[in-house]
Amino acid sequence: MTPAKRQGDTTPPAKPAPSFGDALAQEIFAGRDLSQPDPVDQALLQRPTISFRLRLILAFSLFFLLALGITLWSIRVLGTVQQKILFLEVADDFKLELQQARRFEKNFLLYGSNLEDALEHVQQAHRLARENRQTFLQVMGAEGVITLEEHLQQYAQLLSTLARDRSAREQQQVREHGGALLVAAQGLVEGERRLVHEMLGLARRVPFVFLLVLFVLGVLLVWFLGRQVLATLSRFMGYTERIAVGDFSPITPARKYRDEFSTLALALNRMTRELDRHHRILVESHKLRAMGNLVAGVAHELNNPLNNIMLTASLFKDDFPELDDDEKLDMLADIIGQSERARQIVRNLLDFARESETQLEPLAVKKILEETVQLVGNQLRVKKIKLEMNIPDELPAVHGDRQLLQQVFMNLILNAVDVLPERGRIVISSDTGKREGFLAIDINDNGPGIPEHILGQIFDPFFTTKPKGQGTGLGLSVSRGIVRKLGGYLFVESELGRGATFSVLLPITSVPATVGAGGS
Amino acid sequence: MTEQEGKIKVMVLDDEHIAVKTLQRVLGKAGYQVEAFEDPHQALARLEETCFDIVVTDVVMGDIDGIQVLNKVRQVCPQTRVIIITAFAMMEMARKAMEKGAFDFVAKPFDAQAIREVVDRAARQD
Amino acid sequence: MAMICLSSLAGCPGEEVAREAARLTGSEYVGPELLTAAATGAGLPVEKLHQALTTAPSFFGITLATRRRCLAHLQAVLTGRLLQGPTVFLVPYGHHLVRGISHLLKVRLYAPGEVRAQSWAQARSCSAAEAVRRVREQDRVRLLLARLLFSADDDDNDLFDLVVNSSHLDVEAAAQVVAETATQPRYRETSYSRQCLEDLALANRVKAALVGEDDEVEVTSSGGLVRLRTRVTGRRSRRRRQRLQQLAEQVDGVMGVELEQVDDLISRITRPLR
């Protein structure tokens, strides 16, 4: 190779390949582009707004209108009552004038005194009637007023006739008209007084009715709004419980309109997205940790082929002159074979370590389990642990991500290895009958089992029974998170002294046609 | 293989075929009389029959491990020097092996010269 | 012939036991001269190094980086010395500095606080109350620094192969116990442990060379191949990483250097929790 050529090789600016850590750091620090609204968020936003504030404002407006109505009505009633009282005064005056007129008329007839005074009083009454004609019309009706006016006119005429002609017939007529007039005036006053009393009575009852209506309306409103708030709250409580168990699917619109809770839903969606992102980072980080464990085992396993290579190669070098060609070829074949073996060991590890996007696809569980067992083979061998795999070849494919599932199985197997004494036993079996639509993978060990008082905590993050510095306490927490994310369940059964069984329930894929794609 | 009196008898036990083959050759060339085994059960049976001067054994070999072989050797031929070789070397394992009376504890991988030196050292300490 | 690491609590006759055990096993006792050599390596006066290992962390006190630098040099000097032959050593935190060597017997010399305070008072002819105070203060600082520098509980007996209560034994008897234990087959040198010690010594030499550049760098080595784990991240980190690599390659005995950049979320999260 010439120097020029070498230079040519290196001149293009070497772009550093994004390493594991770099990608992780980018994921952590760069975050997701939050300016792009999520489709679910958009669905939440693209609804008409009927906020609780609006609903409360509407309710208060209703109350206000009701109160306003009642007040206006009361003012009107009071106004009417006032008018009636004023009219009553007029009617009283009217009646008084007429009574005076009758008194003078009687005096005239008895003592022959001045009749002018009577006439004057009648005219006065007439003037009152004329001045308050409008009110009179309202109270008595047109007919009544006309009759009254006719009576008045006739009475006045009769009085003036009476001054000249004091015949008995005339006297009789004057007395009749005067009596009728007085009765009419009396009736007017009585009627008006009764009306006023009725109205005042009504005005006294109305506030009570109004209060009752207000109360019933208030109760209804509180019940209605309360029910809406409580129903929404319990819906959100459901969401938080869902999030707590690791289901990070976003909240979708449940109503046709938007309110304050929609903002909360948006905030929650943002939170779950962040949680999801951190969960992914956590899973990735935990994988690195798990790899640390694996690497120790794998490094040891590598020592065997390396030892073979080293021995054979050193022998090859030392004995080179004495070896015949066949022997040399044999030794080289050994070296190549052992290198291949070493490469295979490393490749398994790298396969597991490779960072990749979560890819949900139909998977053949058996193959994944076999690869996992291969990876942890050393840890098993060093502790002489017997691993039985009772998995039939024909299993329904499950829905999941190859690497994530491998991580889960590895966590569970390595946990079992950690608790098992030498020559312990691990049995991996499958069961399709545990739950409809799910394939259960049971990983059973005959170790010491899990005491009941910690059984509830083992899936909690940072809970660990391992000595300080040996476990992160995240393995089971992360595993459960992964399984929940894949739509499955992870639980444990244990009897003290008899070992423990971890069951991974994975959803069986409903599209069997594409099984082959994921399997290999 | 010709039996020769006066040669130091060495047993090599490892479940790795190539390791056994190569060790046999390396030690054989160094003047030892080597018997090689890949199955620890056969090796244990052979130990019942005869005493070796030196036993070189792997640790992790299926259901029987090198420490058991070491115990057996100490039991039947206390003067035999046992060299433990392992791919899974750890501090505690080394201490345990030495406590049980091993002559040396060697971590894989090693080259021909290294193992030859260890066996030579064991052979000299008669 | 034995390799013994002695850790003596304040007020225990550490040096006397170490000297006697060295005599009994035919090994050499090393102590203060290691501190001097480490101080020279770190480019600091020996008093400063002594302070770095014995004073509690405070705001205006010695920085963590300086303490790490002192430790790295002490570690390098110590493991270098161990390679030369059977040694009984007594240096602060020695049991944290050398790990994973199967032929190194780690001994903790222990005695109840009152007993230690008494002997402290006698040795330094100070008042009893003063002695109690000094012994207590030294215990506190020891635990604090062990947590800070090694994330370890220094009173954890799992750190040791043997714990000797010096209040029940005189110096000769204690040294006898230590010497007898150290000469058991269990603590005999093996090819493997020798190799581990050589690897450790090389790693420590490299660490001492790098500690000025990055005091948190982790160094492991295996047969001349050195692996660096650094948390140096961010801008301008590339040049610093290159510098680390160069410095490591210049160390005697280094045949290759691998550099790994660590960015681990879990350790970052859990570090404050521990």
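1. Domain bounds here come from an automatic or database domain assignment. With that in mind, start with chain A, which splits into domain 1 (52-221) and domain 2 (358-519). The centres of domain 1 and domain 2 of chain A, taken over C-alpha atoms, lie 99 Å apart. Keep in mind throughout that you're looking at a predicted model.

2. Chain C gets a two-part division as well: domain 1 covers 3-187 and domain 2 covers 213-270. For this chain, the C-alpha centres of domain 1 and domain 2 are separated by 29 Å.

3. Back on chain A, have a look at the surface around Trp223(A). A nonpolar patch there is made up of Leu212(A), Phe215(A), Val216(A), Val219(A), Leu220(A), Trp223(A) and Phe224(A).

4. Is Trp223(A) buried or exposed? Trp223(A) counts as exposed because its relative accessibility is 54%, and the cut-off for exposed is over 50%. As for where to find it, Trp223(A) belongs to helix H7 of chain A, which takes in residues 168-244.

5. Follow S1(B) into helix H1 of chain B (residues 17-29) and on to S2(B): the unit they make is right-handed. The two strands, S1 at residues 9-13 and S2(B), run parallel and are joined by 5 bridges. If you'd like one pair to check, Met11(B) has Glu35(B) in S2(B) as its bridge partner.

6. How many of the 5 residues of strand S2 of chain B are buried? The count is 4, so strand S2 (residues 33-37) is mostly covered, buried being under 20% relative accessible area.

7. Strand S1 of chain C, residues 3-8, is mostly covered too, with 5 of its 6 residues buried. Which strands does S1(C) pair with? One is strand S4 of chain C (residues 104-110), in the parallel sense and over 6 bridges. Another is strand S3 of chain C (residues 87-89), also in the parallel sense, over 2 bridges.

8. Ile4(C) sits opposite Leu105(C) in S4(C), while Cys5(C) has Phe89(C) in S3(C) as its bridge partner. When you inspect the strands, remember that side chains in a regular strand alternate between the two faces of the sheet.

Terms used: Residues numbered from 1 in each chain as written. Chains lettered and ligands numbered in written order. Predicted model: local features only at pLDDT ≥ 70, side-chain atom pairs only at ≥ 80, totals over all residues. Heavy atoms only, no water. Patch = residues over 30% accessible without salt bridge, like charges linked within 9 Å, V, L, I, M, F, W, Y side chains within 5 Å. Areas by Shrake-Rupley, 256 points an atom, 1.4 Å probe, with all protein chains shown as cover. Salt bridge = Lys/Arg side-chain N within 4 Å of Asp/Glu carboxyl O. Buried < 20%, exposed > 50% of the residue type's maximum accessible area, 1.4 Å probe, protein only. Pairing = 2+ DSSP bridges. Right-handed = clockwise from strand over helix to strand, strands pointing away.
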